[in-house]
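Good morning, colleagues. Please look at the model on the screen while I take you through several backbone features and then the ligand site.

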Amino acid sequence: MTDEQAKRARRQAALRDCHTVLSGARPLSVAEQLDAIRTLVDDDLQPDFYGTGGAVTALESRVAELLGTQDAVFFPTGTMAQQVAMRYGAELTGRPGVGLHPLSHPLVHERDAYAVLGGLRAVRTTTAPRNPTATEVAGLDEPIGTLLLELPLRDAGFVLPTWDELVATVDAARDLGARVHFDGARIWESTVHLGHSTAEIAALADSTYVSFYKSLGGISGAALAGNFDLARYARAWRHRYGGNLFQQWPAALAALHGLDRELPRLAGYVAHARTVAQALSALPGAQVFPDPPHTHQFRLWLPHPADTLNDANLALAEEEKVWFAGGWTPTELPGLAYTEITVAGPALELPAEQVTELGSRFLSRL
Ligand SMILES: Cc1ncc(COP(=O)(O)O)c(C=O)c1O
């Protein structure tokens with residue numbers, strides 16, 4: 001085990017033992033995850049076979065219904081699903097340019113797969129820390145086959161446009177002759193801020209990718225939703241990319257479980273995130289963004305070095321069984337760090353006064 005792996009295991013063990021958790025959720029053991037998916041298994045359920053049948057087909061139908069699309073295709077990862085969506089746009093339009101935000105997942109976290117494997121070229125849509133406006137898209141100086149919008153834009157602080165801004169940006173892309181693809185890894189919780197259902201949101205786009213292991217708490221996996229033509233193409237390219245796994249029922253069942261259990265709770269998390277953010281922003285030197293949060297996730301800055309904050313959080317967890325927030329990251333300003341706060345199930349039990357008290361307890365350890 002490397003040092004980094006040992007540190008992670010220690011953090012996870014500490015979090016598992018905490019009786020109070022502000023940010024995130026207690027990690028489930030394999031036994032707990034098996035118990036959860038077992039509830040969806042009956043004697044008739046057969047394993048899927050290379051991407052069809054059983055829980056995989058059930059999941060694809062469920063997602064197509066939730067997103068109001070003709071079909072949805074299960075993928076082992078969103079990284080793979082979105083590469084397929086982007087190359088489809090390029091093939092249909094003959095344009096290898098993809099409108100991408102510099103903070104989008106394909107540009108930051110995928111080792112340039114869209115370019116290296118897909119032969120695509122990024123056309124950066126804006127430098128502002130938010131999705132592009134209609135004016136910015138209309139003003140792009142290179143042709144694009146696809147405009148990819150990440151909803152919410154995670155690396156800007158889980159930032160969403162308003163519904164009207166989103167509609168205008170989509171219209172601007174269509175005026176350019178481009179297709180529109182939504183990175184909806186976190187679309188499930190975006191309905192509150194956008195004020196529209198997942199189906200109404202997905203109806204704006206030609207394709208939408210959703211994730212099953214972020215807010216839904218599944219094991220892994222993604223789906224690409226759209227019309228029948230897109231789905232046929234997606235199944236062909238999923239195979240070519242090596243994504244046609246012999247059996248994927250554990251991930252598909254965990255995804256179905258997440259849709260049953262977590263999806264109905266997300267609006268409550270989003271509502272409570274406002275309370276938590278307000279309480280945290282009153283801590284000495286604290287800043288939250290966006291304020292109020294657009295989803296149940298947001299950024300929190302504190303005027304202390306990241307290592308100090310991470311050490312204090314681990315000590316608080318190990319000694320008092322209370323988890324404030326981990327994952328502190330340095331900023332360009334020495335002595336200022338930020339983290340991503342996730343208001344999930346455990347934080348629902350914490351009213352504002354308790355969040356403030358927890359914050360003070362955390363800060364007193366610095
Ligand atoms: C916004 C966004 N898009 C795409 C992905 C890719 O998902 P996967 O890990 O399934 O490849 C992620 C994963 O973190 C993400 O946050």
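Arg-111 is found in the loop between α5 (105–108) and α6 (113–116), where helices (H or I, at least four residues) and strands (E, at least two) are DSSP runs numbered from the N terminus. The phi angle of Arg-111 is near 50°, a positive value in a residue other than glycine.

This is a predicted model, in which local features need pLDDT of at least 70, side-chain atom pairs count only at pLDDT 80 or more, and totals for chains, interfaces and linings use all residues. Residues are numbered from 1 along each chain as its sequence is written, and side-chain values use heavy atoms, with hydrogens and water left out.

I turn next to the cis peptide bonds. One joins Leu-151 and Pro-152, with omega about -5°; Pro-152 lies in the loop between β5 (146–150) and α8 (163–175). Another runs from Phe-289 to Pro-290, with omega near -10°, and Pro-290 belongs to the loop between β9 (287–289) and β10 (297–302).

Now to the ligand. Which residues are around the ligand? They are Thr-77, Gly-78, Thr-79, Gln-82, His-105, Glu-150, Asp-183, Ala-185, Arg-186, Tyr-209, Tyr-213 and Lys-214, each with a heavy atom within 4 Å of it. Helix α4 (residues 78–93) gives the most to this shell, with 3 residues. By class, the shell has 3 nonpolar, 5 polar and 4 charged residues; in this scheme Ala, Val, Leu, Ile, Met, Phe, Trp, Tyr, Cys and Pro count as nonpolar, Asp, Glu, Lys and Arg as charged, and the others, Gly among them, as polar.

A side-chain N or O atom of Thr-79 is 2.5 Å from a ligand oxygen, and a polar side-chain atom of Asp-183 lies 2.6 Å from a ligand nitrogen. For Lys-214, a side-chain N or O atom is 3.5 Å from an oxygen of the ligand. Taken alone the ligand exposes 390 Å², and the protein buries 89% of that, as computed by the Shrake-Rupley method with a 1.4 Å probe.

Key: Polar contact = N/O pair within 3.5 Å; in protein donor to acceptor, adjacent residues only side chain to side chain.
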